[in-house]
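Please consult the sequence and the structure together.

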Amino acid sequence: MKKIKKTRLTAWILTAALGVGSIGMQALPYAGTRLLGNEAVTVQAAAKPSPKKLAKAVRKVYEFVPDTEVSAAEIESDYGISSSLYSSAYVVRPMVNVQVDELSIYKAKDSASKKKIVSALKKYKKKKVESTFNYPMNLLKLQAAKIYKNGDYVCFIVLGQISKQIEENGTEEEMIKAYQKQNNKAVKAIKKQLK
């Protein structure tokens, strides 16, 4: 009788351990190899979306997003960001110089590269703001430009339109806040993709 109880207990413990272990392994949010009993189980992390896929999600929340893609050479010359700093990038801006809407998304190679990309984008933003004397109507929109970081991604966002009411009657502060709110629509779309 004791031997039967011991066998059942052992069988129950093994079944519970293997059953719970395998369920637990399927739901693991991390990648790597883990031991399950005597077996090694490899769990792969979900692939991170490409910058182009993130941009596609951003396009869905705006009436207008520029569609002139920028080459790696232009990214380096115009933004000061070497291709050695990112594993992939997607940068679009208008073909016409009068407009300032643009979206750039970089997937940095590492944390040091990420810092360099952020620094370059800050310099780029400053240069754009200082050069608006030709098109002063763009100054407030550029001042509201957003540099957004999430994990390995760094984004530069200048998108959206504000209402005619705010544009015609609002203070500079109200207009900047309205443009910031527009840029935050892109941030929300990107965050949603990176969950």
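Tyr 79, Tyr 124 and Phe 156 form one aromatic cluster. This is a predicted model, in which local features need pLDDT of at least 70, side-chain atom pairs count only at pLDDT 80 or more, and totals for chains, interfaces and linings use all residues. Residues are numbered from 1 along each chain as its sequence is written, and side-chain values use heavy atoms, with hydrogens and water left out.

The structure contains three aromatic pairs (ring centres of Phe, Tyr or Trp, the last by its six-membered ring, within 6.5 Å; planes under 30 degrees apart are stacked, over 60 edge-to-face, the rest tilted). One of them joins Tyr 124 and Phe 156 edge-to-face, at 5.4 Å centre to centre and 80° between the planes. The pair links distant parts of the chain, 32 residues apart: Tyr 124 lies in helix α4 (residues 111–130) and Phe 156 in strand β7 (residues 153–158). Helices (H or I, at least four residues) and strands (E, at least two) are DSSP runs numbered from the N terminus.

Six bridges join β4 (residues 86–93) to β5 (residues 102–108), and Val 92 has Leu 103 in β5 as its bridge partner.

Finally, Tyr 135 is found in the loop between α4 and α5 (139–143). Tyr 135 is partly exposed, with a relative accessible area of 31%.

Note on methods. Buried < 20%, exposed > 50% of the residue type's maximum accessible area, 1.4 Å probe, protein only. Pairing = 2+ DSSP bridges.
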